Amino acid sequence: MSKAKSKLCCLLLLLTFPVYAAPDVPDPLLQTFTELAPGVWLGNRLDSARLPVTPNTTFVIGADGVVVFDGGNLPLVADRVIEKIRKLTDLPVTYVIISHWHMDHVLGVSRYLLAFPQARIIAHPYTRELIFRYLAQHEQDMRNTVSDNVPGIAAMLAKDAQSGKPAIDAKTAAWYQQFVDDEDLLEEQYRNFVPAYPNLLIDGKLTLFSGEREIR
């Protein structure tokens, strides 16, 4: 796929994304943390429909360390999870488990290795292969995702507002405008991420023990 077609597909994806009433949240990467069971925590983004796509984060505090599921979509997301973990325990993060290769699960991984150099990053061999392949082929395009799309979205909003008969309803326009307003924060995050790769591969089942806690 050419770069122009890739940008067009990305813009079309934005145009078809389902829109919800946005809560008043100062930035798109804020999460709230909930303890689901003793030592089992969920990080859930406050504004779930806001761009960029941001998966939940789960972490489990065991007897000798913390296991984190997925590395987050950007460094700031990982930093906030690490901050929360440090408020809850002095134990280090010992494992980060990557569910799959999509970049919204990967781009925060380096922050865990920076904070906890002995942490092991667990993934399937195919996941590691695709992470290498994706970053090698598309790293620069990915860094430019925000700046490539914002001008087109801003122009679309301006043209629609000046048309006299806006085709975009107010809630949808506000959703697009959020992405435009978040450009500086997101662009900085994408440009400053450091690639990091799984260093412990599993091709089947894995069980981790931390005291009496068993994680499969």
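View 1. Where pLDDT is low, the predicted coordinates should not be read in detail. For the protein chain as a whole, the mean pLDDT is 83, and 84% of the residues reach 70 or more.

**View 2. The protein chain and its elements.** The protein chain holds seven helices and nine strands, and 41% of its 216 residues count as buried. Its accessible surface amounts to about 11,700 Å², with 56% of that area belonging to carbon and sulfur atoms.

View 3. Seven strands are arranged in an open sheet with the order 1-2-3-4-5-6-7, and their pairing is mixed. Strand 1 (31-37) and strand 7 (200-201) are the edge strands, each of which pairs on one side only. Helix 2, made of residues 75-88, packs on the sheet and touches strand 1, strand 2, strand 3 (57-61), strand 4 (66-69) and strand 5 (93-97), while its direction makes about 25° with that of strand 3.

View 4. Strand 2 continues the pattern with strand 3, to which it pairs in the antiparallel sense over four bridges, and here Trp 41 has Phe 59 of strand 3 as its bridge partner. Phe 59 also stands opposite Val 68 in strand 4, where strand 3 and strand 4 pair in the antiparallel sense over four bridges. A hairpin of four residues links strand 3 to strand 4. Because four of its five residues are buried, strand 3 is largely enclosed by the rest of the structure.

**View 5. The contact between His 105 and Asp 70.** His 105 sits in the loop between strand 5 and helix 3 (109-115), whereas Asp 70 belongs to the loop between strand 4 and helix 2. The two side chains make a polar contact at 2.6 Å. His 105 counts as buried because its relative accessibility is 10%, under the 20% cut-off for that class, and Asp 70 is also buried, with a relative accessible area of 3%. Leaving aside residues up to four places away in sequence, His 105 touches Pro 55, Asp 70, Gly 71, Gly 72, Ile 98, Ser 99 and His 100.

View 6. Most residues other than glycine have a negative phi, and most peptide bonds are trans. Asp 70, although it is not a glycine, has a positive phi of about 75°. The peptide bond from Leu 51 to Pro 52 is cis, with omega near 0°, and Pro 52 lies in the loop that runs between strand 2 and strand 3.

Terms used:
Residues numbered from 1 in each chain as written. Predicted model: local features only at pLDDT ≥ 70, side-chain atom pairs only at ≥ 80, totals over all residues. Heavy atoms only, no water. Pairing = 2+ DSSP bridges. Helix = DSSP H or I, 4+ residues; strand = E, 2+ residues; numbered from the N terminus. Contact = heavy atoms within 4.5 Å. Axes fitted to C-alpha atoms, helices over the stretch in contact; angles between N-to-C directions. pLDDT = per-residue confidence, 0-100. Buried < 20%, exposed > 50% of the residue type's maximum accessible area, 1.4 Å probe, protein only. Areas by Shrake-Rupley, 256 points an atom, 1.4 Å probe, with all protein chains shown as cover. Polar contact = N/O pair within 3.5 Å; in protein donor to acceptor, adjacent residues only side chain to side chain.
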